[in-house]
Amino acid sequence: MPWWREHDENSILISDLNAPPSTDGPGKHEFVSPFQSSGDILAASGELLAHLQRSGLRFVPNSAAASMASWEQTLAAQFTSPATSAGVTSAGVTSAGVTSAGASEVLPENHVAASQTLAPTLQERPRDRQQPSPTPSRLTPVASSSVNSAPYPGVSLPVAEVVTALDSLSQSVAGCTRCKALASCRTQTVFGEGSPQPRFVFFGEAPGAEEDKTGRPFVGAAGQLLTKMIEAIQLKREDVYLLNTVKCRPPGNRNPAPDEVANCREYFETQLQLLRPEYIVCLGAVSSQALLQSKLSIGRLRQTFHQYHDSKVIAIYHPAYLLRNPDAKRAAWADLQMLMKDAGLR
Ligand code: URA
């Protein structure tokens, strides 16, 4: 069964939701914020269900119980506008969205001109034409953000030089003590790994327990889900590059603090400058907000292509969050399909 449908199985849903909090990943403070579409409502309803279960409510599967699928169908039937189904079905997913709603919150004045440099593939995202709203909901995708719209500084290096430069940067990171708290409790730093000439980079938050133990990114439970997600879009893990915003495991898997992100900025920005990927997939709020220099939630940042130098950026829910909130997998799959369509992946 594909990863994004696993939550349709009652048993998997229940075991996922009853699992103790993930120890291998972040995304603890993400949430599906209020709604614009039926997909958003479904996702939020799933989160409410998860919350109730975490609070002690237990669902006992039996033959009389409605399956998750029929529960979703019943709920979905209450929302009739096909124009609001983006994020639920592949049919509703469009190419990159550039909307004007909420633009003033994050964009420099020149954002429209800057985002146009991504043309010709950026297109107007169809809005709900039946009921245009003058005051967008908090879930309206934000306009394409392009904080760093200039080309990557420097020149694109031959692959052998990229490898050498990454190795040397990795050595510096291994000895880094900028964050005393992190440096004193890490087993080792987790620099990143993958193709030195990737078309796609997956940008996570920070190492978890397994990553801290092995020195490799995304090898725990969230990493296994991420690998399935990468394969679902017809890529191989070894063909992409995986890195994190913060290179040391925060104790107890707490979110990295702003000063810790700031201390690691030079490292992840240099990595990206060397790799110069065509696409960057930000996993979760920490990496999305760090790269795009935004305070917006994933609910606002997703479903739109943003820009970071020469790379197109999408923000999706973190796989650790998806493990705890399986209903959000549909939204993540919709985001990955948007990426596939834009990148011509089949
Ligand atoms: N979560 C992350 O963000 N990165 C990892 O490497 C593992 C889990």
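Two strands pair if DSSP finds at least two bridges between them, and strands (E, at least two residues) and helices (H or I, at least four residues) are DSSP runs, numbered from the N terminus. This is a predicted model, in which local features need pLDDT of at least 70 and side-chain atom pairs count only at pLDDT 80 or more, while totals for chains, interfaces and linings use all residues. Residues are numbered from 1 along each chain as its sequence is written, and side-chain values use heavy atoms, with hydrogens and water left out.

| Partner of β8 | Bridges | Direction |
|---|---|---|
| β6 (residues 279-283) | 5 bridges | parallel |
| β7 (residues 306-308) | 3 bridges | antiparallel |

Lys 312 of β8 is the bridge partner of Tyr 279 and also of Gln 307. β7 and β8 form a hairpin with 2 residues between them, and His 309 in the turn has a positive phi of about 50°.

Is β8 buried or exposed? Since buried means under 20% relative accessible area (1.4 Å probe, protein chains only), and 6 of the 6 residues of β8 (residues 311-316) are buried, the strand is largely enclosed by the rest of the structure.

The axes, which are lines fitted to C-alpha atoms over the stretch in contact, of α9 (residues 258-275) and α10 (residues 284-292) come within 11 Å and cross at roughly 75°. These helices are therefore roughly perpendicular to each other, a term for angles of 65 to 115 degrees.

Terms used: Axes fitted to C-alpha atoms, helices over the stretch in contact; angles between N-to-C directions. Parallel < 35°, antiparallel > 145°, perpendicular 65-115°, else oblique. Buried < 20%, exposed > 50% of the residue type's maximum accessible area, 1.4 Å probe, protein only.
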